[in-house]
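Okay, thanks for coming, everyone. Let me put the model up and walk you through the parts I looked at.

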Amino acid sequence: MSYRVQFLSLLAFAILCFAPINSAFAQGTASKANSDPVYQQFRQKSNAPDSFGGPAATVSGLVLHRDAATFKFNSGEIYFLAPIDGRTVGAVFLGDGDMTLTPPTTAEIRSLALFSEKPGFTEHFSRLVMRFTDNTLDEIKKATGVQMTAGGAQSARAREVYREIESQLRKQWRYNVELRTIGDLGEPESQGFFMAFPGGGRYDKLAYIVDPRGISEVAPEQVALFSLSDTASGIWTAFHMEDEYKKGTANSSQERRLYDITKHEIDGTIRGTRILASDKITLRTIAPRLRVLPFNLYRSLRVSRVTDEQGRELSFIQEGKDEDADFGVILPQAMDAGQVVKLTVQYDGEEALRDSGGGNFILVPRETWFPNNPATGFGDRAIFELTFRYPKDNIFVATGALAGPEQLEGDLKVSKWTSGTVELPVSGFNYGKF
């Protein structure tokens, strides 16, 4: 590409960034955003009045073991979410049940006791919402004390309970479980995840999660009990799966990444607290049959477009910034382990930069102002090449070293920074009068 064409492209990009608020970009529209048909089916399934009107199970004495937790369904009915593309990924229990949880380490037993105010953890429930991609459905069907039926009298109530948890996940927990769900589709080696949300007992808004891929808030640990109650919110306990303790492999350096980011080439423009950026990401796949790439990106930074190395637009997921805004890219086909993928992510937004007064601006989310790997505790080590345009009467400083003298482009300065051959987990910048 000639320098003239490159400059005109960048100029058009900058004009788009600072266009009037009624432009399509400002309204957050993007042709490939949330457009994947399978994702939309999972996303919208509970809207159907008959979403729980299919087969149900009458249970008595059913026991499910999920790592360190045991769920005993003393009596009641389990209603299954209608299948999508042949997969059942949700269920609701209504009846009488109990959950017990015993963490595998002394430290986590003590941590849990601080919240539960007793040495052991037992929670009664009259309703339990389950989200899963593991073998929960098959296990329930094959268990003793289970009778499958064509339906049940409480299907409408089951849908109501399910939608309540769905709303909490999207608007309070801000976790896109549908994005996580489609990540397991077509991956035969995936163990699948399990989530349980008990209700009707002593505690409110609990979530028990088992995810072999790891849980980003406590990575690389895979099992956790969360609470979003008004009085005792937080992570009550978190630990590795029990087979890792048995094998002696449980440690803080375990590999949970689906892919390894090797390079970020970020080209951006900043004015005030607004960032317009394009990140060319080079990564290598680690997991086999990988088609969905989840990323950590600050929720107010809105993605407008994702393209592959040939410039073809790719589907991506990103719901509203005030809900479950998790960002993920859907590849055209599954990739085998060890393949190199190059993506360009264009995004724009405010709130990631904060006006600290005196004409100075500081970056708030050091590890998520660019698309980062969610399966790491801090960030995925990579080479960083940064090019930023900023108001010329300011000073710009970034991680790494200047790659050359700054240049003027109209009322903007162009500053280029590089980490050289050093891979960094994160990169950042500040700018202002200083």
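So, of the 434 residues in this chain, 49% count as buried, where buried means under 20% relative accessible area, exposed means over 50%, and partly exposed is in between, with a 1.4 Å probe and protein chains only. Keep in mind that this is a predicted model, so local features need pLDDT of at least 70 and side-chain atom pairs count only at pLDDT 80 or more, while totals for chains, interfaces and linings use all residues. Residues are numbered from 1 along each chain as its sequence is written, and side-chain values use heavy atoms, with hydrogens and water left out.

What's it built from? The chain has seven helices and 24 strands; those are DSSP runs, H or I of at least four residues for helices and E of at least two for strands, numbered from the N terminus. The radius of gyration is 24 Å, close to the 22 Å from the globule rule for 434 residues, so the chain is as compact as a globular protein of that length. That radius is taken over C-alpha atoms, and the rule is 2.2 Å times the number of residues to the power 0.38. As for the box, the C-alpha atoms fill roughly 75 × 45 × 40 Å along the principal axes.

Contacts next, meaning heavy atoms within 4.5 Å. Take those with a separation of 6 or more: 68% of them come from residues 24 or more positions apart.

Now, helix α5. It covers residues 155-171, and its 17 residues reach 24 Å from first C-alpha to last, close to the 24 Å expected at 1.5 Å a residue; the expected span is 1.5 Å times one less than the number of residues. Which residues of α5 are buried? Ala 158, Val 161, Tyr 162, Ile 165, Glu 166, Gln 168, Leu 169 and Arg 170. An α-helix has 3.6 residues a turn, so residues three or four places apart point the same way. The cover over the buried residues of α5 includes α2 (37-44), β2 (69-80), β3 (90-101), β4 (121-132), α6 (177-182) and β6 (194-199).

Asp 67, in the loop between β1 (56-66) and β2, has a positive phi of about 55° without being a glycine. Asp 67 is buried, at 17% relative accessible area. Arg 174, in the loop between α5 and α6, also has a positive phi of about 55° and isn't a glycine, but Arg 174 is partly exposed, at 31%. And the peptide bond from Ala 219 to Pro 220 is cis, with omega near 10°; look for Pro 220 in the loop between β7 (206-210) and β8 (223-227).
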